[in-house]
Amino acid sequence: MTLRERLAPLRQRFSHQPNVIQTRAGVERLPVQSLRPHWVVGRDLCMFRCEEFANVPRNRRRAALALKVPVWSPFERTGWHCVWSGGLAMVWFWDDAVVRPRAEPFATPIDLARAQICPETALLPRRESGVSLQRCARGWELQHWREGALRHSVWYPERPDATEVSAALARHGIAATLPEGAVQAAPSYAAQPWESPQTPAEWLIANERPLAVAAVLAIALAAVWQETRFWKLTHMQAAAAETFAAVEAELGPIARTRAEAVRLRRRNDAVAGILNVPSQAYVMGLVDAAIPSESTRFFEWRYQQGELTVIVEDTQQNLDTVAYVRALEAEPLFEQVRVGRTQGEDRVRITLRVRV
């Protein structure tokens with residue numbers, strides 16, 4: 001089953017457009033509805049011809065057919081409809097001055113702007129091969145089918161007898177008779193006319209307008225989506241900027257207070273560092289208290305950046321350097337105590353590091 005056949009029930013569900021048939025007796029509504037309205041030309045108003053175009057390139061066949069139709073037609077202005085079967089063209093043509101879609105007083109008027117003109121035969125059952133006699137809205141149509149194509153068609157105002165059928169087939173070189181069961185006593189119309197197989201290029205040409213509308217609509221939708229997305233991002237950016245400004249205004253005093261606190265803490269740390277450094281008077285008192293001899297006096301004093309160098313002199317007792325080192329190292333504030341001789345026998349140089 002082809003995709004078209006699978007979609008046929010769905011198409012039928014959405015088929016609500018009326019179909020109208022025009023015959024020599026007048027205009028009437030058909031009992032079927034379609035996706036688009038059809039103005040059907042009765043078989044009594046049509047002429048039929050099947051022509052071979054297999055030797056014409058596929059892309060030039062329609063143009064070649066358009067040149068042939070005026071040659072075949074006896075009418076001054078000719079309307080025509082073609083259904084292709086491979087290289088065969090099944091062509092119905094009629095007097096365009098007679099067949100003209102017009103408004104009729106139906107309960108549901110037909111949309112003339114959208115109405116497609118097609119022959120009555122194209123709505124009747126399509127066969128594969130053989131001879132059949134088909135009842136039409138007005139009259140009868142003798143059909144000869146071969147390989148799915150309607151090769152010959154003759155219209156009769158009244159039902160032909162076997163002699164007339166044989167004579168008509170013989171004129172076309174067909175040695176056949178009308179078999180039993182090949183007579184369709186009542187027309188059975190389809191919702192859609194026969195369709196020709198289309199190449200991709202023909203399909204594009206046939207659907208050029210809907211495709212263009214769809215493309216424009218898709219571009220418009222894409223543009224609207226992009227514009228909506230742009231304005232949404234702009235709105236979100238503006239909202240974020242407003243939120244940031246509100247948060248900044250709320251946290252501004254806190255941030256300034258924090259910065260001031262950090263500045264004060266750094267200042268306090270610096271002051272505390274300065275205050276934690278022992279003064280020279282304090283260090284001198286510690287050194288004086290640690291010196292083991294009461295007769296010792298300071299001869300020279302240098303104290304800078306925690307490094308103390310002092311020269312002491314003791315003229316009454318011999319200077320015991322070991323005793324000096326032990327006494328000064330016993331003081332927790334002093335470290336790296338070094339003692340060395342200097343000028344004078346009663347003098348000694350003491351170098352040490354003051355812990356900060």
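Salt bridges, from helix to strands

Modeller: Happy to! Let's start in helix α5, where Glu 260 and Arg 263 sit 3 residues apart, about one turn of the helix; helices (H or I, at least four residues) and strands (E, at least two) are DSSP runs numbered from the N terminus. This is a predicted model, so local features need pLDDT of at least 70 and side-chain atom pairs 80 or more, while totals for chains, interfaces and linings use all residues. Numbering runs from 1 along each chain as its sequence is written, and side-chain values use heavy atoms, leaving out hydrogens and water.

Glu 260 and Arg 263 form a salt bridge, with the closest N and O atoms 2.4 Å apart (Lys or Arg side-chain nitrogen within 4 Å of an Asp or Glu carboxyl oxygen). Glu 260 is partly exposed at 35% relative accessible area, and Arg 263 is partly exposed at 43% (buried is under 20%, exposed over 50%, partly exposed in between; 1.4 Å probe, protein chains only).

The structure holds 8 salt bridges. One of them joins the side chains of Arg 353 and Glu 307, at 3.1 Å from N to O. Arg 353 belongs to strand β15 (residues 347-354) and Glu 307 to strand β13 (residues 307-313), so this pair ties together parts that are 46 residues apart in sequence. Arg 353 is partly exposed, at 30%, and Glu 307 is partly exposed too, at 28%. Arg 338 joins Glu 307 and Arg 353 in a network of salt bridges.

Now look at Glu 141 and Arg 43, whose side chains meet in a salt bridge of 3.0 Å, N to O. Glu 141 lies in strand β9 (residues 140-146) and Arg 43 in the loop between β3 and β4, so to speak distant parts of the chain, 98 residues apart. Glu 141 is buried, with a relative accessible area of 0%, and Arg 43 is buried as well, with 4%.

Finally, the aromatic side chains. Trp 92 and Trp 194 make an edge-to-face pair, 5.7 Å centre to centre with 65 degrees between the planes (rings of Phe, Tyr and Trp, its six-membered ring, pair with centres within 6.5 Å; planes under 30 degrees apart are stacked, over 60 edge-to-face, the rest tilted). Trp 92 is in strand β6 and Trp 194 in the loop between β11 (183-184) and α4 (200-206), 102 residues apart. Trp 92 is buried at 0%, and Trp 194 is buried at 10%. Ring pairs also bring in Phe 48 and Trp 145, giving a cluster with Trp 92 and Trp 194.
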